[in-house]
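Work through the exercises below with the sequence and the 3D view side by side. Try each task before reading its solution.

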Amino acid sequence: MSAMVRSVVHRFAAGLEREVDRRRSRRSPAETRLVINPYRGFGRGRELFVHGRVLVEKAITRATAAEPVWRNLLNAYRRFLSAEVAGMRVVARYQDAVLEGMTDDEGHFQIRLEPTQVTESLWHDVIVELPGTDIQAKAPVLVPRATATFGIISDIDDTIVQTGATSLLKMARSVLLQNAASRLPFEGVAELYRALHAERNPIFYVSSSPWNLHDLIEDFIQLQGIPPGPLRLQDWGVDDVKLIYEPHTTHKLEEIRRILDYYAGLPFVLIGDSGQHDPEIYLDVIRAYPGRIRAAFIRDVTHDLRDKAVAQIIADAKSLGVEMLYVGSSAEAMTHAGRLGLV
């Protein structure tokens, strides 16, 4: 397919999706039940970024135990057939700060609050509501304490949860047929992350998974006792920039850069796996932010397939003064973290 044809197809698909979204957004709260999906936001000082999404309610069940495959499949169907509500007014409140925002074509809203005072807590609950309705939710916002010694940026698939991201079939089975309770964590991952977090060091989870899976990932993290953190996912769909979704490398690099730039005085530890391009992405980050990366951990999920390439990347990182550890287990990562003074 020529570049011109691809461009025409892309523009047509983007226009079609916008029209579908507009038709959905014409529904009023009286016609259908709307919900606010609050996402974990982040901030600094007296600045809080609130993020969430307004959707038509789909009655997705939140699992705390294994459920029948048919129910998991039904929930997956409802997640991916989300009905976003564009142009909806949203009000955010935290203490004396009140500000109104508007949802975009995908139902997202992002509101920047500037209260006169923010408590010393790590997490802050911002109330978000749809004016003129009884629909509201609490959006947790992370503000790192002054006692934080470093931050953590972690991948999700095949880093904390076993999804088989290198296999399309295994990945689909994990997403469609499992729930938060039946998904399998890597052994010892909760202990490793709790040790790194130490009740003060902020954790951010960056993934190319769609926002539609936010509740599934959030529930999994909570059920496994893994410290919570803002999830930085992406929209899967068609717009003027992307067709279905952005390339994994592009999205992940942009999100990591955004976090590092926002917390300019904080060093970071990077955690990922060998299944996709985490080693290459993390090496780019190490090069772009000299002195900002304390260490990088790569979980070996590809066995011999990537050993040679990862070994070269590890050598390149070392030449830049950063240890990138290729580990086979969370216990091995914990040992290295202790040696490096991270736990």
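The exercises that follow concern a predicted model, and each task comes with a worked solution.

**Exercise 1. The chain as a whole**

Task: State how many helices and strands the protein chain has, and what share of its residues counts as buried.

Solution: Begin with the secondary structure, which comes to 9 helices and 15 strands. Next, turn to burial: of the 343 residues of the protein chain, 50% count as buried. Finally, consider the contacts between residues with a separation of 6 or more, of which 70% are made by residues 24 or more positions apart.

**Exercise 2. The largest cavity**

Task: Find which helices and strands each supply at least two residues of the lining of the largest cavity, and determine which element gives the most.

Solution: The structure holds 2 cavities of 30 Å³ or more, and the largest cavity contains about 80 Å³ of space. Its lining includes Leu192, Tyr193, Ile271, Gly272, Phe297, Ile298, Arg299, Ser330 and Ala333. When the lining is sorted by element, helix H4 (189-197), strand S13 (268-273), strand S14 (293-299) and helix H9 (330-339) each supply at least two residues. Among the contributors, S14 gives the most, with 3 residues. Sorting by class instead, one finds 7 nonpolar, 4 polar and 1 charged residues in the lining.

**Exercise 3. Two aromatic pairs**

Task: Describe the pair formed by phenylalanine 42 and phenylalanine 49, and then the pair formed by tyrosine 193 and tyrosine 205.

Solution: A pair of aromatic rings is described by the distance of the centres and the angle of the planes. The structure holds 10 aromatic pairs. In one of them, phenylalanine 42 and phenylalanine 49 lie 6.3 Å apart from centre to centre with 40 degrees between the planes, and the pair is tilted. Phenylalanine 42 counts as buried because its relative accessible area is 11%, while phenylalanine 49, with a relative accessible area of 28%, is partly exposed.

The pair of tyrosine 193 and tyrosine 205 is stacked, with 6.4 Å from centre to centre and 5 degrees between the planes. This pair links distant parts of the chain, since tyrosine 193 belongs to helix H4 and tyrosine 205 to strand S9 (residues 203-210), 12 residues apart. Both tyrosine 193 and tyrosine 205 are buried.

**Exercise 4. A cluster and two charges over rings**

Task: Which residues form the aromatic cluster with Phe42 and Phe49, and over which ring does the charged end of arginine 44 sit?

Solution: Phe42 and Phe49 form one aromatic cluster together with Phe204, Tyr262, Tyr263 and Phe268. The charged end of arginine 44 sits over the ring of tyrosine 262, at 4.0 Å from its centre. A second case is that of arginine 299, whose charged end sits over the ring of phenylalanine 186, 4.2 Å from the ring centre. Arginine 299 is also among the residues that line the largest cavity.

**Exercise 5. The surroundings of leucine 55**

Task: Decide whether leucine 55 is buried or exposed, and list the residues that it touches.

Solution: First place leucine 55 in strand S2 (residues 47-56). Its relative accessible area is 9%, and therefore leucine 55 is buried. Leaving aside residues up to four places away in sequence, leucine 55 touches Arg33, Leu34, Val35, Asn37, Ser82, Ala83, Glu84 and Val85.

**Exercise 6. Positive phi values and an enclosed helix**

Task: Locate glutamate 199 and histidine 303, and explain why helix H5 is described as largely enclosed.

Solution: Glutamate 199 lies in the loop between H4 and S9, and its phi is near 60 degrees, a positive value in a residue other than glycine. With a relative accessible area of 59%, glutamate 199 is exposed. Histidine 303 is found in the loop between S14 and helix H8 (307-319), has a positive phi of about 55 degrees although it is not a glycine, and is exposed, with a relative accessible area of 58%.

For helix H5 (residues 214-223), count the buried residues: 8 of the 10 are buried, so the helix is largely enclosed by the rest of the structure. Among the buried residues of H5 are His214, Leu216, Ile217, Phe220 and Ile221. Just after H5, glycine 225 takes a positive phi of about 75 degrees.

Conventions
Residues numbered from 1 in each chain as written. Predicted model: local features only at pLDDT ≥ 70, side-chain atom pairs only at ≥ 80, totals over all residues. Heavy atoms only, no water. 1 Å grid on protein atoms, 1.4 Å probe; cavity = no way out; pocket = protein on both sides within 12 Å on 5 of 7 lines; lining within 4 Å. Points joined across faces, edges and corners; volume = space filled by probe spheres on them. Helix = DSSP H or I, 4+ residues; strand = E, 2+ residues; numbered from the N terminus. Nonpolar A, V, L, I, M, F, W, Y, C, P; charged D, E, K, R; others polar. Phe/Tyr/Trp six-rings, centres within 6.5 Å; stacked < 30°, edge-to-face > 60°. Buried < 20%, exposed > 50% of the residue type's maximum accessible area, 1.4 Å probe, protein only. Lys NZ or Arg CZ within 6 Å of the ring centre and 35° of its normal. Contact = heavy atoms within 4.5 Å.
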